[in-house]
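This briefing sets out selected features of one protein model, grouped by topic. Please consult the sequence and the structure shown here alongside the text.

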Amino acid sequence: MLERCSKLGIRGEEFLKKKLGIGSLSLLLAVMGILWSMNFPVHYDTFCIGDYVLTRLGLPTWSNGSIGTHYTVFWGLLLYLPAFLLGWKNEQHLFARSGKWISGCIGGYLIVMGCIFMIWG
């Protein structure tokens with residue numbers, strides 16, 4: 001198996017030495033954040049898990065009815081931030097590095113874009 005990994009450019013020994021741990025939740029939280037804010041096509045319409053949950057909780061999903069700033073995406077930061085921190089603190093665990101990079105890139109993008117929208121409206 002190590003030979004196959006090395007042919008693909010994967011450091012197999014390093015991958016096989018890593019164990020599941022609390023840092024492994026980093027990737028799971030990052031994927032949950034993506035699913036939270038993603039629109040799924042359903043019978044000529046779209047469905048967003050985050051919109052559904054926030055609506056059921058009585059929280060607004062958009063700033064101006066059904067247009068404006070989509071708050072659901074920013075609620076996703078509540079999943080990306082812990083994912084990044086878990087991956088950063090526990091990088092020796094399996095999948096922690098992937099979760100850290102995915103959540104860091106998406107979370108960083110959301111923070112930058114949120115600041116731009118606040119400044120230039």
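The crossing of α3 and α6 in this predicted model is left-handed; a crossing is left-handed if the near helix is turned anticlockwise from the far one by less than a right angle, and right-handed if clockwise. The axes of helix α3 (residues 25-37) and helix α6 (residues 77-89) come within 8 Å and cross at roughly 160°, where axes are lines fitted to C-alpha atoms, for helices over the stretch in contact, and angles run from 0 to 180 degrees between N-to-C directions. The two helices α3 and α6 are therefore roughly antiparallel (angles under 35 degrees count as roughly parallel, over 145 as roughly antiparallel, 65 to 115 as roughly perpendicular and the rest as oblique).

**Basis of the model**

- Residues are numbered from 1 along each chain as its sequence is written, and side-chain values use heavy atoms, with hydrogens and water left out.
- Because the model is predicted, local features need pLDDT of at least 70 and side-chain atom pairs count only at pLDDT 80 or more, while totals for chains, interfaces and linings use all residues.

**Overall composition**

- The protein contains seven helices and four strands; helices (H or I, at least four residues) and strands (E, at least two) are DSSP runs, numbered from the N terminus.
- Along the sequence, these elements follow the pattern α-α-α-β-β-α-β-β-α-α-α.
- Of the 121 residues, 27% count as buried (buried means under 20% relative accessible area, exposed over 50%, partly exposed in between, with a 1.4 Å probe and protein chains only).

- Strand β1 (residues 39-42) pairs with strand β2 (residues 45-48) in the antiparallel sense, over four bridges; two strands pair if DSSP finds at least two bridges between them.
- Across this pairing, Asn39 stands opposite Cys48, and Phe40 stands opposite Phe47.
- Two residues separate β1 from β2 in the hairpin.
- His43 lies in the loop between β1 and β2 and has a positive phi near 45°, although it is a residue other than glycine.
- Tyr44 also has its place in the loop between β1 and β2; its phi is positive, about 65°, and it is not a glycine.
- Most residues other than glycine have a negative phi.
- His43 counts as exposed because its relative accessibility is 75%, and Tyr44 counts as exposed because its value is 90%.

**Aromatic rings and a charge**

- The count of aromatic pairs comes to one: Phe47 and Tyr52 form a tilted pair, 5.9 Å centre to centre with 50° between the planes.
- Rings of Phe, Tyr and Trp (its six-membered ring) pair if their centres lie within 6.5 Å; planes under 30 degrees apart count as stacked, over 60 as edge-to-face and the rest as tilted.
- Phe47 counts as partly exposed because its relative accessibility is 36%, and Tyr52 counts as partly exposed because its value is 45%.
- Lys89 lies over the face of Trp88, at 5.2 Å from the ring centre; a charge sits over a ring if NZ of Lys or CZ of Arg is within 6 Å of the ring centre and within 35 degrees of the ring normal.

**Ile49 and Thr72**

- Ile49 lies in helix α4 (residues 49-56) and, at 32% relative accessibility, counts as partly exposed.
- Ile49 and Thr72 are 23 residues apart in sequence, and their C-alpha atoms are 9.1 Å apart in space.
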